[in-house]
Amino acid sequence: MTDDGFRGLRLHNTLTRTKEEFRPLDWRDGGPSEAERRVRMYVCGPTVYDYAHIGNARPAIVFDVLYRLLRHLYGAEHVTYVRNITDVDDKINARAARDFPGLPLNEAIARVTSTTADQYHADVAALGCLEPSFEPRATAYVQRGDGHDMIAMIETLIAKGHAYEAGGEVLFDVTSMADYGKLSNRKLEDQKAGARIAVDSHKKNPGDFVLWKLSSPEEPGWESPWGRGRPGWHLECSVMSEALLGETFDIHGGGLDLIFPHHENEIAQSRCAHGGATMAEVWMHNGFLQVEGKKMSKSDGNFFTIRELLETENFGGRAWPGEVLRLAMLMTHYREPIDFSVKRLEEAEELLDGFARASEGAAASAPSQRFVEALSDDLASAAAIAELHQLRRSDPAALVASLDLVGVDLAGFAKRLSEAAAKGQAGLDEASVEAAIAERLALLKAKNFAEADRIRDALAEQGIQLKDGKDPATGERVTTWELRR
């Protein structure tokens, strides 16, 4: 029987608004040999002008889980994952000028992008993300001279009548593409100009977007047929994905906020340049993230970088292990909005602690088939978490392997918590803890529950967990305690 590449995986396709059986292009008729087949995925990565915030962590985690699942289903050697770095952007220029005013701009830009990219790599690694197969930088694909660069694609679009030069810019003509707007389901007459682009009089249509813009002597730029300048944001991903994955590939991912204008414009550029019916077969988008019930905003004081959550006490009065941050993300389906809160992190940590206790000493076997089937249903997180609860009771070895499949290192989590508990135990005044517990018991007996709860909460902030029970001989309330691991 012919292998058509279906491995039980179904993914929701933003382009068709349906859940579809996933069959990779290379497994279809006329594809390459079995050894050369690849599942090809591209995900929009960071613009490296500032440290990544917790909202940036969501697509990194979601598509890392998909990458891991694809490797499990097709074999690691048959999956190619590209996640780019945008290192040419007006925000980068502004940050470089602000942070390094005494340096030439290009040198200042290099400082900003290098430092920020390094921190991003450290952050997502701490969240359990694998390195992608390729991580292209936009600046390396502006002018390569091999036909796989941004200048070459602009020349092709102009030659085919999809782009024009005006007002010192090269612009894409959105009316030249009959079904422009299909991904975002927007009618052309309703289109607004894309992000980062002003509506200028030299445009033929308000929705036309920049492919190339001129640079001042102080700005980074490359020589081109249209003058020294730099590429538009949307063009970068079209070129990098084509260079590394081909004109048409399997999956393109990113956040919901990228559907329009970024992904819509990527499709327009790529299809019109190459003449293909699609750019990517499946388009996937993760939902928005808010913090403690509000849109994340520096002015509201609820803006947190990944580094802050991992290393400081700025959120919930403590730092959080990467495994906790990761599981907290995965507890909500990737297409749904997520409210990132201290309560959610506490729930994730409690869940991980229970998993660690249940599987202590167990070596990973193979992930549960039911767990794989849940993930294969468009990364169905609720069903996957329910299966983890079952494995906690029935198969600790499969529990460890299933968590490993989605990038949660249970052994590493348990080790770090144990080390933290030992450190806390070494500096703990046990006599004070026992005195506080005795005071709480007296308050409970006097029915002063509010003050008793205050003592319990104060101890919890020190990592001390109380457990109430009854003396079997007298029936009196007794309280034991332990440091949370």
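**Entry 1: helix 15**

I looked up which residues of helix 15 are buried in this predicted model. Ala452, Ile455 and Leu459 are the buried ones. I then checked where they sit around the axis: they span an arc of only 60 degrees, which places them on the same side of helix 15. On the other side of the helix I found Ala450 and Glu461, both exposed.

I also checked the length of this element. Helix 15 runs over residues 449–461, 13 residues in total. From first C-alpha to last I read 18 Å, close to the 18 Å expected at 1.5 Å a residue.

I next asked how many cavities of 30 Å³ or more the structure holds. I found one. For the largest cavity I noted a space of about 190 Å³. I listed 18 lining residues, and those closest to the centre are Val65, Leu330, Leu375, Leu379 and Ser381.

I sorted the lining by residue class: 14 are nonpolar, three polar and one charged.

**Entry 2: origin of the lining**

I looked up which elements give two or more residues to the lining of the largest cavity. They are helix 1 (54–74), helix 8 (322–330), helix 10 (369–376) and helix 11 (381–394). The largest share comes from helix 11, with four residues.

Technical notes
Residues numbered from 1 in each chain as written. Predicted model: local features only at pLDDT ≥ 70, side-chain atom pairs only at ≥ 80, totals over all residues. Heavy atoms only, no water. 1 Å grid on protein atoms, 1.4 Å probe; cavity = no way out; pocket = protein on both sides within 12 Å on 5 of 7 lines; lining within 4 Å. Points joined across faces, edges and corners; volume = space filled by probe spheres on them. Nonpolar A, V, L, I, M, F, W, Y, C, P; charged D, E, K, R; others polar. Expected span 1.5 Å × (residues − 1). Buried < 20%, exposed > 50% of the residue type's maximum accessible area, 1.4 Å probe, protein only. Arc of directions from axis to C-beta.
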